[in-house]
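This briefing is meant to be read beside the sequence and the coordinates. Please keep both open while going through the points below.

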Amino acid sequence: MSRYLLLASCLLLLLTACHDEPEWPNNAQGNFDALWTIMDEHYSFFDYKDVDWDEVGARYRAQLTSNMTSQELFDLCGDMLKELRDGHTNLIATHDVSRYWIWEQYPENYNERLVNENYLHFDYRQTSGITYYVLENNIGYMRYANFTSGIGEGNLDHVLSYLAACDGLIIDVRSNGGGYLTNVETLVSRFIGERTLAGSISHKRGKGHNDFSKPYLYYFEPTKNHVHYLKPVVVLANRGSFSATNNFVAIMKSLPQVTVVGDTTGGGSGLPFTSELPNGWRVRFSSCPIAGPDGEISEFGTAPDMRIDLLDADVARGHDTMLDKAVEILIAKQ
Amino acid sequence: MTIRLRHRVLAAILGCALWNTAAATDSTEVVRPVLSMFMFDVGRAHVLDTYLTPITYRGVGVRLGYEHSQVTKFAPSAWLRQLAVDIEYNPARNAAKNNTMHDATLQARFGMMRRWEGLFHPNLQLMVGPMTQLRGGGIYNGANSNNVVSVKAHWAVGAQGMAIWKTHWGAKPLSFRYNAALPIVGVFFSPEYDESYYEIYLGNHKHLAHCGWWGNRFDLTQSLCADLRLGGTILRIGYRNRLERSWVNHLNTHITTHSFVIGIGGEFFTRGPHYNDKAPVKSVY
């Protein structure tokens with residue numbers, strides 16, 4: 001009897017011991033290995049971006065030295081992550097955040113003061129992070145600067161009721177760096193009249209680079225008993241329209257009454273997860289690929305229907321080239 | 001003897017025959033006192049959840065527990081039923097001391113145990129029997145982005161046992177008890193490897209429920225306590241250990257707690273108008 005008990009105890013210990021996690025030492029080598037392994041097992045766009053992570057790891061590992069400073073290690077690790085060309089991938093320490101924010105190198109294509117002064121005349125209304133106004137020619141304008149700003153359904157009713165009589169609506173999400181995807185659903189649901197395919201999402205099921213689940217198609221429903229706007233809409237976007245904003249633009253672009261004007265968005269179609277290294281640095285990375293309604297992953301951005309930049313000459317005379325084009329498109333659709 | 005009392009005695013005799021136990025067969029009323037214990041634990045907690053981080057967090061955790069034990073109606077000298085409800089909170093820090101994870105659990109366990117008194121020694125009482133356990137909670141890591149929380153939920157059936165050694169400390173009754181609960185099979189929740197809760201929110205509920213067995217989940221709660229009776233009050237001190245492991249979808253969860261237990265409680269029973277005040281009442285716990 002006691003032999004069986006001993007055997008059962010050993011078996012239980014074996015079962016639990018089989019699944020111990022690796023513990024990396026808190027030194028340059030250990031932290032580097034932890035970072036490389038976390039990315040190797042969780043990052044979702046290696047093949048999409050044609051990145052040979054083994055080669056990248058070998059190249060940067062060769063630069064490790066046992067006496068390197070914390071700053072030197074941070075820079076080395078940050079440079080390695082930049083090889084992924086991913087705005088969602090950051091190494092976060094108490095003193096710095098490594099980043100690949102390529103949109104900073106493109107024309108900004110947005111000037112808040114220019115719009116507020118010459119189009120909204122500093123007389124705009126604002127609620128739930130949305131700035132709104134009726135422009136000349138009876139065109140509605142609403143700017144949503146950040147998808148982290150919670151949108152109340154009641155607030156949105158006020159905004160869209162106020163703009164309901166307008167012949168067209170401009171939604172300005174230029175330089176909107178993203179936020180919560182639930183706010184994307186809240187906003188898009190006001191511009192659809194029926195159940196609409198919003199895209200698909202998948203996730204990794206294992207540690208292999210291509211261990212993805214079958215993409216799950218998801219749909220948005222029109223919000224019941226709330227105000228909707230189904231007249232022509234122009235969405236203004238630029239390279240700073242990133243992450244959740246990129247997702248918003250991709251979905252809106254698929255709607256028949258919507259025209260996307262401006263520049264290609266900044267992309268960022270992987271839902272980011274976070275992990276950490278033994279020294280307490282955190283690493284954020286793209287984890288769950290999200291495709292638009294067309295089935296395409298827009299990691300490098302969503303192209304506009306009409307490409308246009310903000311011209312300096314127009315700015316000098318108080319005009320927003322992109323906003324003017326949006327008004328022109330909406331007037332033409334009347 | 002009233003008709004009602006005759007029925008009680010008859011029921012007691014039938015119960016004895018059915019369960020083949022040495023139940024009370026004389027005219028002694030079978031009272032079934034309730035042992036109620038309230039406990040507070042404090043101790044070390046180790047928390048690892050690879051959905052959130054590959055780093056093990058450590059900290060000081062606390063628990064509030066309640067235990068309700070009573071012999072059964074059908075075979076009072078042979079079977080005991082026990083209900084235990086716990087709420088546990090383990091804030092734990094990483095080794096770099098720059099982040100805290102919060103592990104919170106609410107658990108209810110109900111079981112019945114067959115009792116053997118004086119089987120190997122007059123002072124020893126052994127109990128073993130089936131139990132069912134429902135546990136829910138989660139681990140929250142506020143520094144993360146879309147993997148900010150790991151929800152925990154499981155239901156299982158298994159075994160629990162207790163060994164009680166009764167002695168005295170001076171004139172005060174003192175008992176030492178070892179108690180263990182071991183789920184064997186059940187159902188538990190886990191997202192897939194890198195599945196986001198946003199995807200679950202969108203409606204993808206596939207592969208979230210898992211059949212739990214010792215091949216993917218091991219869970220043991222055990223305690224060793226000393227109960228000292230001071231009149232109608234029982235004081236408890238002891239040690240409690242919870243070991244929880246799961247490994248599914250390439251995700252590992254390890255939660256270990258080692259706690260110091262203090263508790264207070266007592267035995268309570270309700271006496272109806274037909275009970276004889278002179279009847280002896282003997283504790284079975």
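What follows is a set of notes on a predicted model, grouped by topic.

**The two chains**

- Chain A holds 10 helices and 12 strands, and of its 334 residues 43% count as buried.
- Taken along the principal axes, the box filled by the C-alpha atoms of chain A is roughly 85 × 50 × 30 Å.
- When contacts in chain A between residues at least 6 apart in sequence are considered, 71% of them join residues at least 24 apart.
- Chain B has 2 helices and 11 strands, which run from the N terminus on as α-β-β-β-β-β-β-β-α-β-β-β-β.
- Of the 285 residues of chain B, 36% count as buried, and among its contacts with a separation of 6 or more, 64% come from residues 24 or more positions apart.

**Where the chains touch**

- The contact between the chains draws on 31 residues from chain A and 31 residues from chain B.
- On the side of chain A that touches chain B, two or more residues each come from helix H1 (2–17), helix H2 (28–42), strand S7 (216–220), strand S10 (270–276) and strand S11 (282–291) of chain A.
- S10(A) gives the most to this side of chain A, with 6 residues.
- Sorted by class, the side of chain A that touches chain B comprises 12 nonpolar, 12 polar and 7 charged residues.

**The open sheet of chain A**

- Seven strands of chain A form an open sheet with mixed pairing, in the order S2-S3-S4-S5-S8-S9-S12, and its edge strands are S2 and S12 of chain A, each of which pairs on one side only.
- As a general point, strands of a sheet pair through backbone hydrogen bonds, either parallel or antiparallel.
- Strand S8 (residues 233–237) of chain A pairs with S9(A) in the parallel sense over 5 bridges, and within S9(A) it is Thr259(A) that stands opposite Val234(A).
- Between S8(A) and S9(A) the chain passes through helix H8 (residues 244–253) of chain A, and this β-α-β crossover is right-handed.
- Strand S9 (residues 258–262) of chain A has 4 of its 5 residues buried, so it is largely enclosed by the rest of the structure.
- S9(A) also pairs with strand S12 (residues 306–307) of chain A, in the parallel sense and over 2 bridges, with Gly262(A) standing opposite Arg307(A) in S12(A).

**Helix H6 of chain A**

- In helix H6 (residues 153–163) of chain A, the residues Leu156(A), Val159(A), Leu160(A) and Leu163(A) are buried.
- Viewed down the axis of H6(A), these buried residues fall within an arc of 90 degrees, so they line one face of the helix.
- The exposed residues Gly154(A) and Ser161(A) are carried on the face of H6(A) turned away from its buried side.
- The cover over the buried residues of H6(A) includes strand S2 (125–127), strand S3 (130–135), strand S4 (139–144) and strand S5 (168–172) of chain A.

**Helix H10 of chain A**

- Helix H10 (residues 321–332) of chain A has 12 residues, which at 1.5 Å a residue should span 16 Å, and this agrees with its end C-alpha atoms being 16 Å apart.
- Met322(A), Leu323(A), Ala326(A), Val327(A) and Leu330(A) are the buried residues of H10(A), and they cover an arc of only 140 degrees around the axis, which puts them on the same side of H10(A).
- These buried residues of H10(A) pack against helix H5 (112–118), S3, S4, S5, S8 and S9 of chain A.

**Glu221 of chain A**

- Glu221(A) is found in the loop between S7 and S8 of chain A, and Glu221(A) is exposed, with 12 other C-beta atoms within 10 Å.
- Once its neighbours within four places in sequence are left aside, Glu221(A) is in contact with Ser189(A) and Arg195(A).

Terms used:
Residues are numbered from 1 along each chain as its sequence is written. Chains are lettered from A and ligands numbered from 1 in the order in which they are written. This is a predicted model: local features need pLDDT of at least 70, side-chain atom pairs count only at pLDDT 80 or more; totals for chains, interfaces and linings use all residues. Two residues are in contact if their C-beta atoms, placed from the backbone, lie within 7 Å. Ala, Val, Leu, Ile, Met, Phe, Trp, Tyr, Cys and Pro count as nonpolar, Asp, Glu, Lys and Arg as charged, and the others, Gly among them, as polar. A residue is buried if 20 or more other C-beta atoms lie within 10 Å of its own, exposed if 12 or fewer, and partly exposed in between; C-beta atoms are placed from the backbone. The arc is that of the directions from the helix axis to the C-beta atoms. Two strands pair if DSSP finds at least two bridges between them. A crossover is right-handed if, with the strands pointing away from the viewer, the path from the first strand over the helix to the second runs clockwise. The expected span of a helix is 1.5 Å times one less than its number of residues.
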